[in-house]
Each structure stands twice: as C-alpha cells, then as structure tokens.
Amino acid sequence: MALAMMDIGEKRVVTKVRGKDEVIRHLQNLGFAPGSVVQVLGENAAGMILLVKGVRIALDKSLACRIMVA
C-alpha cells in the first residue's frame, strides 16, 4: 500500500521506495528507508505531515505515493 493512502494517526513500516535513483536517495536521506516506522500526523490538499525517526516532515502526495508501507 502507498503511504499516501494512510489515515491520520496510523503507523506503518516502510517496505520499499520506488522511483528514479535520485528520488529514492532523497527520500531515504529524509528517513524513509525500508524498516522505518512512519506515522501520519495530518494532511491537507497539498500533502501530508509525517513523523519518521522522531522528526516531523511535510511530504507532497506525489512523493508519498512512491513510498510503500505494510
């Protein structure tokens, strides 16, 4: 399931990051590496506010669709 489909308050584990090498590297540098726990804190029309590795990150929905969670 894509990270963009998660509900507010839900926690899941990152399983895979899809996209070009530079996009994958950027998302992994932000903390979205396989095995990381991600929680959705909020969302709006533009994107999502996430908690990963104790850090709040705002992420565009198009990027959130590239992160797969289980």
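**Reading the labels of a predicted model**

User: Why is Lys20 called exposed?

Analyst: The relative accessible area of Lys20 is 62%. Exposed means over 50%, buried means under 20%, and partly exposed lies in between (1.4 Å probe, protein chains only). Lys20 therefore counts as exposed. This is a predicted model: local features need pLDDT of at least 70, side-chain atom pairs count only at pLDDT 80 or more, and totals for chains, interfaces and linings use all residues. Residues are numbered from 1 along each chain as its sequence is written, and side-chain values use heavy atoms, with hydrogens and water left out.

User: Where does Lys20 sit?

Analyst: Lys20 is in the loop between β1 (11-17) and α1 (21-30). Helices (H or I, at least four residues) and strands (E, at least two) are DSSP runs, numbered from the N terminus.

User: What makes Lys16, Arg18, Lys20 and Arg66 a patch?

Analyst: These residues gather in a surface patch of positive charge. Lys and Arg count as positive, Asp and Glu as negative; His and the chain ends are not counted. A patch takes residues with over 30% relative accessible area and no salt bridge, and joins like charges within 9 Å. The charge is placed at NZ of Lys or CZ of Arg. Lys20, at 62%, clears the area cut-off.

User: How many salt bridges does the structure hold?

Analyst: There are two. Lys61 also pairs with Glu43, the closest N and O atoms being 2.9 Å apart. This pair links distant parts of the chain: Lys61 in helix α2 (residues 61-64) and Glu43 in strand β2 (residues 37-43), 18 residues apart.

User: Why are Lys61 and Glu43 called partly exposed?

Analyst: Lys61 has a relative accessible area of 26%. Glu43 has 37%. Both values fall in the in-between class, so the label holds.

User: What makes the core a nonpolar core?

Analyst: The set consists of buried Ala, Val, Leu, Ile, Met, Phe, Trp, Tyr and Cys residues joined through side-chain atoms within 4.5 Å. The largest one has 18 residues; Leu3, Phe32, Val38, Leu50, Leu59 and Ile67 touch the most other members. β1, α1, β2, β3 (47-52), β4 (55-60) and β5 (67-69) each supply at least two residues. β3 gives the most, with three.

User: Is Ala64 buried or exposed?

Analyst: Ala64 has a relative accessible area of 0%, so it is buried. Ala64 lies in helix α2. Its C-alpha is 9.8 Å from that of Met6, 58 residues apart along the chain.

User: What stands out about phi at Lys53?

Analyst: Phi of Lys53 is near 55 degrees, a positive value in a residue other than glycine. Most residues other than glycine have a negative phi. Lys53 lies in the loop between β3 and β4. Lys53 is exposed at 62%.

How values were computed:
Salt bridge = Lys/Arg side-chain N within 4 Å of Asp/Glu carboxyl O. Patch = residues over 30% accessible without salt bridge, like charges linked within 9 Å, V, L, I, M, F, W, Y side chains within 5 Å. Areas by Shrake-Rupley, 256 points an atom, 1.4 Å probe, with all protein chains shown as cover.
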